Each structure stands twice: as structure tokens, then as C-alpha cells.
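Work through each task on screen before you read its solution.

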Amino acid sequence: MGIPHLRKHLEPYAQRGAIQPSNLVIDGPALAYHILNLCRIKTIKNSPFEQPTYELLSRTTLEWLDRIRVCGLTISRIFFDGYLPTSKTDERTKRLMRTSKDLQGFHRKYVNGVTQGRPGWNSNRKVALFPEAQPSHSGVSPPPPAFFVPSIVDTLRQSEYYASQTKVVPGEADVFCAQYVREHGGTVLTSDSDLLVHNLGPNGSVVFFSDIESNPAGTELMGLQFKSADICERLSLQPEDGLSCLAFELVMDPHITLEQAVSKAKSKYSVAAYPGAHKEFTEQYLSPETGSQIPVEASVVLDPRISELVLRCRDKKPAMYLPFLLDSPTRTSAWESSKDIRQLAYAILQTVTGSPIPTVAEFRRLDQPSAGTPIKVPPISEVDMDAAVLEDVLSSIIKDVRNSKAVWMTLSVYQDVVMTTSQGKVQPLSLKLLQQAVDEKLDITSWECVHFLAQCQATYYSLRMLEQIMQHAASQGKGLSPALKELQDCLSKLPSLPDFPTIFNFPEMVQLIIDKKGLSCLTKICADQDDMVPQLEAIMQPKKQQKSNKRKNSQEPEARPRSNNPFALLDAEC
């Protein structure tokens with residue numbers, strides 16, 4: 001998260017030169033954001049159409065790491081956060097509020113639709129791995145691709161060379177980076193000045209991503225190396241805790257000069273004046289909080305945020321920090337339509353804890369300080385029933401649609417239809433857009449399209465959460481019930497993150513529903529929803545008949561509120 005001005009103050013004491021062959025330990029989240037920023041250079045920053053694709057991010061990550069190896073450096077570990085301490089809650093909340101505010105500002109500026117990008121901009125383009133100017137950005141822009149961090153983690157896990165070095169750890173990545181270097185020696189690559197505070201041992205150093213340069217031949221890397229032991233010696237600070245005391249002085253007074261901070265650090269002025277605050281400050285480096293209540297088997301692959309949920313499931317108030325989506329701030333969160341899928345995932349965690357989980361606090365868009373949106377978790381006695389109902393829905397869609405890409409989009413439409421009826425509304429957003437697609441009037445830049453795309457992404461990711469949590473539950477020794485095993489088999493066909501719907505392929509994905517019998521399937525699984533069937537039938541009608549059907553539909557009475565469980569609406573005979 002960073003110590004105010006610490007890096008700037010210590011730069012004169014760092015050594016600039018070639019990074020000598022050594023063991024490298026990489027701060028995974030910092031790597032992911034560095035790659036994201038590299039891929040954003042020369043893009044139109046306010047256009048979601050010029051955001052890097054998952055394929056581009058993955059390819060650039062591997063190219064960047066391969067270049068590191070070509071320069072004679074050995075990558076020993078790449079650590080990703082799999083758990084963040086409770087002390088970070090306030091900071092995470094503030095960051096989420098800033099991101100939400102940025103999205104609101106982006107929506108206000110482009111209220112009539114998002115900005116188009118340049119045609120073909122993301123097609124097979126090359127990214128400068130070590131640009132002369134570091135990327136910078138100001139002004140309103142959309143949030144980054146929602147799943148870019150787990151997508152990069154997946155890429156590394158599937159890599160022949162980097163799979164064994166990549167670890168999602170039960171704590172903050174920087175803690176594990178520092179520990180590894182302290183025990184084995186080497187250099188940490190990061191963007192977080194917190195690494196300068198950790199005890200890195202006599203042979204540990206830090207290099208920041210933004211300082212790394214390459215020679216013209218691409219065979220040598222240069223940069224500023226912050227060697228903790230050398231810096232302490234030059235500043236006459238104790239090697240054990242000198243930089244920690246210096247950092248604490250800057251935390252207590254960010255406006256003091258380096259000379260003043262060093263003087264206070266030597267006398268431990270603030271350590272004596274504020275013992276409680278100092279104890280709290282040092283604990284995050286000396287004895288950091290980790291999540292070790294429920295071990296995660298090495299064979300179980302979890303995304304970083306899903307790992308955190310699993311490790312927190314015994315907490316009194318477990319929380320799920322959902323990936324931040326580009327959706328419309330004027331509508332209900334795009335995560336809402338797939339809530340029932342996540343409720344099932346949370347309920348399955350109770351088979352691991354052996355005790356009830358009353359609620360899970362979900363963090364989505366956030367306008368003001370909040371403890372999250374409380375999501376009620378079904379009792380463990382209902383898990384098999386809910387799993388069987390979801391499996392019936394998916395099996396019905398798979399049987400009728402028979403196209404892997406169209407299956408999950410059809411389910412996303414179904415989720416939206418059921419959410420709409422449960423709220424007592426008449427026309428689901430998804431059906432409105434399907435009608436536009438049939439009429440060849442779909443506008444991908446509209447906020448309606450952007451929002452429903454986010455709903456589809458939320459459905460896909462909720463299913464991914466469910467699949468990973470079932471894998472974890474199965475690894476805990478008790479196995480899965482027959483109902484969960486059948487559902488797990490259905491979810492094994494879920495696309496990987498690069499194949500999730502994006503703003504680049506959304507029109508094609510919508511068309512798949514129309515072309516691959518998705519609409520006829522929807523009329524079956526929504527058969528007991530009389531108010532929805534006419535709308536689906538109208539979309540399926542030839543264009544010349546749609547006008548009369550539309551007039552007929554306009555006379556339909558307003559839908560009555562229905563159950564919030566979308567899968568309970570499936571006709572057992574479908």
C-alpha cells in the first residue's frame with residue numbers, strides 16, 4: 001500500500017546499474033498491474049474498446065518474464081495475495097469507494113454511450129516491454145478488465161516454466177516475498193514501497209518495476225536497487241529495525257525531511273511517544289496476519305479473491321470482495337442477477353466449516369462507507385436441493401442449445417429474466433437487447449448493452465466461484481454428494497476467463513442465443529412465467545409480424561413479484 005515519501009527519500013541511497021544475475025522474487029499483484037499499464041500505453045484511455053484483452057495481457061506477461069530470464073535472472077517465486085489482513089479493511093473500502101466514484105464520473109461524462117475505439121486496435125498488437133517513458137494517465141476512464149489478475153494467474157499456472165513458481169499464498173504477497181528473500185537472498189520486484197520496511201536480511205534488495213530499463217540489445221536490465229543493509233549502513237541506522245523506525249517516523253509525520261526522520265529514527269522518538277501505534281505498525285511486518293484456519297490443498301486451484309473467501313469462511317462475518325465490473329451506476333449492481341449462484345457457493349462452504357454461515361458480506365459498487373451487502377446463505381440442508389435445481393437448468397440448456405458458447409449466455413439471459421420478474425418489472429433488459437439484435441439495431445456502445453454485458457460476466461464468474469469452491473470442499477475429505485457431483489460435471493464445461501464475454505465479442509455472443517436455439521430453450525424454462533413467454537415469442541417471430549405482437553404485448557398486465565430463486569422457476573418437465 002506504500003509508506004508516504006519513503007521511496008523518494010531513499011532513492012539517493014539506492015544503486016543504479018545492471019541488475020546482476022540472481023534469484024528474483026516477484027510481487028504478483030504488482031506484476032499484473034505493471035503489465036496492465038504497459039498494455040495501456042498509446043491507447044485511448046477513455047474507451048473500453050481499447051482496454052487490453054485477456055489474451056494480450058497473458059501474452060505480454062509471458063513475454064516480459066521471458067525477457068527477464070534471457071537477461072540471466074532466475075525467477076524463483078511469483079507470489080499473489082490469497083488473503084488480506086483485517087487491518088486493510090478500511091483502506092480497501094476507501095479504494096472501492098474511489099473506484100466507484102470514478103465509474104460514476106465516467107458515466108456522467110459519457111452518459112449517452114461509451115467511446116468507440118479504433119478498429120482492430122487490439123488485434124495481435126505488440127507491447128513495448130521496457131518503454132523509455134513510463135505509462136501515465138489522467139482524466140476519467142473505465143475500470144480495468146474485471147478479471148485481469150486471475151487471468152494472469154491462470155496463464156502462469158498453465159505455463160510450462162512458471163507454473164511451479166507461481167503461488168497464491170494465505171496472506172499478502174509482499175510478506176511472502178520478504179520472507180523468501182530473507183531466507184534465500186535475492187531481489188524483490190515490486191511497486192510497493194512497503195517492501196523497503198520488511199527485514200530482507202543481509203543479502204536482500206528491492207527493485208521497482210517502474211525503474212527497470214533494458215539495454216538496446218535486450219540482453220541486460222538496469223535499474224535502481226534498494227539494498228536494505230547498505231542503506232542502513234550509509235544512514236547509520238540499525239540493520240535490524242532501522243528502516244522500520246524511519247518508515248514509522250514518516251507515517252507519523254509525512255512532511256518531515258529525510259534528515260529529521262533519520263534523527264528521530266535513531267533516537268526512536270515516535271516509538272517512545274506512540275508505543276501503541278508503533279506496535280500496530282510493526283506487527284504487519286514482523287507478525288503479519290495470515291489465513292490458515294482451513295488449509296487449501298495444493299491440487300485445488302483458487303483465484304486470489306476466492307482463496308480469501310475460503311480462508312475467511314470461519315470468520316463471524318466472512319466477506320467476498322467481488323471483481324469490479326464496468327456496469328451502469330444508474331442500475332442495480334450487475335452482480336445482483338447471479339446472486340443465487342453465489343449463495344449456493346457460500347452454502348457449500350458450510351460443509352467445510354461444519355457450522356452455519358448466516359451471511360456473507362459482498363463488496364460491489366460502494367458509494368459510502370459500508371460493511372458490504374449482506375447476502376443470506378441457505379442452510380446446509382438445502383444445498384443438495386438447490387444444486388439439483390441448478391443442474392436441471394443447465395442440463396436443459398445444454399441439451400437444447402448444443403453450443404458451448406451459447407449455453408452460458410442463455411443462462412445469463414435466464415438469470416436476468418427471473419431477476420426482473422422477482423422485482424415486479426415487465427421487460428427484462430436482456431430481452432430488450434435480444435429484440436434489438438434481431439432488428440439489427442444493437443448498439444454495443446449503449447449503457448444498456450454495457451450493463452447487460454456486465455451481468456453476463458457476473459454470471460460466468462459466479463459459476464467459476466461455485467466450481468472452485470466445490471473443488472475445495474471435495475478436497476477436505478468428505479467428498480461431494482451425488483447432486484453436487486452432477487452439478488460439478490456440468491460446470492466442467494465452463495469457459496476459461498479469456499473466453500468470457502467481453503465488449504469485443506458481445507454482439508457475436510448475443511447472436512449465438514438467437515442462432516443456436518437459445519430463444520426456444522428460454523421459452524421452455526420460463527414456461528410458468530406467462531408474462532415473459534409472449535416477449536420471447538415476439539423476438540422469435542419474423543420481422544413483419546413483430547409490430548402486431550408488440551402491440552399485443554403492450555396490453556399485458558404488470559408482472560407480479562416472484563421468488564428470488566431463479567432455479568426454482570424451472571419446469572421439472574423441461
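**Exercise 1. Find how much space lies in the second largest cavity, and list the residues that line it.**

Step 1. The second largest cavity holds about 30 Å³ of space. This is a predicted model, in which local features need pLDDT of at least 70 and side-chain atom pairs count only at pLDDT 80 or more, while totals for chains, interfaces and linings use all residues. Residues are numbered from 1 along each chain as its sequence is written, and side-chain values use heavy atoms, with hydrogens and water left out.

Step 2. Check the terms. On a 1 Å grid over the protein atoms alone, a cavity is a set of points where a 1.4 Å probe fits but cannot get out, and lining residues have an atom within 4 Å of a point. Grid points are joined across faces, edges and corners, and the volume is the space filled by probe spheres set on the points.

Step 3. Select Lys88, Glu172, Asp174, Val175, Asp194, His198, Gln284 and Tyr285, which line the second largest cavity. Helix 6 (173–184) and helix 11 (275–286) each give at least two residues to this lining; helices (H or I, at least four residues) and strands (E, at least two) are DSSP runs, numbered from the N terminus.

Step 4. Sort the lining by class: two residues are nonpolar, two polar and four charged. Here Ala, Val, Leu, Ile, Met, Phe, Trp, Tyr, Cys and Pro count as nonpolar, Asp, Glu, Lys and Arg as charged, and the others, Gly among them, as polar.

**Exercise 2. Describe the largest cavity by its volume and its lining.**

Step 1. The structure has two cavities of 30 Å³ or more, and the largest has a volume of about 40 Å³.

Step 2. Its lining consists of Leu322, Pro323, Phe324, Leu325, Asp327, Ser333, Trp335, Arg364 and Arg365.

Step 3. By class, that lining has five nonpolar, one polar and three charged residues.

**Exercise 3. Trace the pairing of strands 2, 3, 4 and 5.**

Step 1. Start at strand 2 (residues 23–27), which runs parallel to strand 3 (residues 74–81) and is joined to it by five bridges. Two strands pair if DSSP finds at least two bridges between them.

Step 2. Look for partners across these two strands: isoleucine 26 has isoleucine 78 of strand 3 as its bridge partner, and valine 25 stands opposite arginine 77.

Step 3. Move on from strand 3 to strand 4 (residues 166–169), parallel again and joined by four bridges. Phenylalanine 80 has valine 168 of strand 4 as its bridge partner.

Step 4. Return to strand 2, which three bridges join to strand 5 (residues 186–190), also in parallel. Leucine 24 stands opposite threonine 187 there.

Step 5. Buried means under 20% relative accessible area, exposed over 50%, and partly exposed in between (1.4 Å probe, protein chains only).

**Exercise 4. Count the aromatic pairs and classify two of them.**

Step 1. Rings of Phe, Tyr and Trp (its six-membered ring) pair if their centres lie within 6.5 Å; planes under 30 degrees apart count as stacked, over 60 as edge-to-face and the rest as tilted. The count by this rule is 16 aromatic pairs.

Step 2. Phenylalanine 208 and phenylalanine 226 have ring centres 5.3 Å apart and planes at 85 degrees, so they form an edge-to-face pair. This pair links distant parts of the chain, with phenylalanine 208 in strand 6 (residues 204–208) and phenylalanine 226 in strand 8 (residues 221–227), 18 residues apart. Both phenylalanine 208 and phenylalanine 226 are buried.

Step 3. For tyrosine 460 and phenylalanine 500, the centres are 5.1 Å apart and the planes at 70 degrees, so this pair is edge-to-face. Tyrosine 460 belongs to helix 17 (residues 447–475), while phenylalanine 500 is in the loop between helix 18 (482–491) and helix 19 (506–515), 40 residues apart.

Step 4. Tyrosine 460 is buried at 1% relative accessibility, and phenylalanine 500 is buried with a relative accessible area of 1%.

Step 5. Finish with the cluster: Phe147, Trp335, Tyr460, Tyr461 and Phe500 form one aromatic cluster.

Methods
On a 1 Å grid over the protein atoms alone, a cavity is a set of points where a 1.4 Å probe fits but cannot get out, and a pocket is an open set with protein on both sides within 12 Å along at least five of seven lines; lining residues have an atom within 4 Å of a point.
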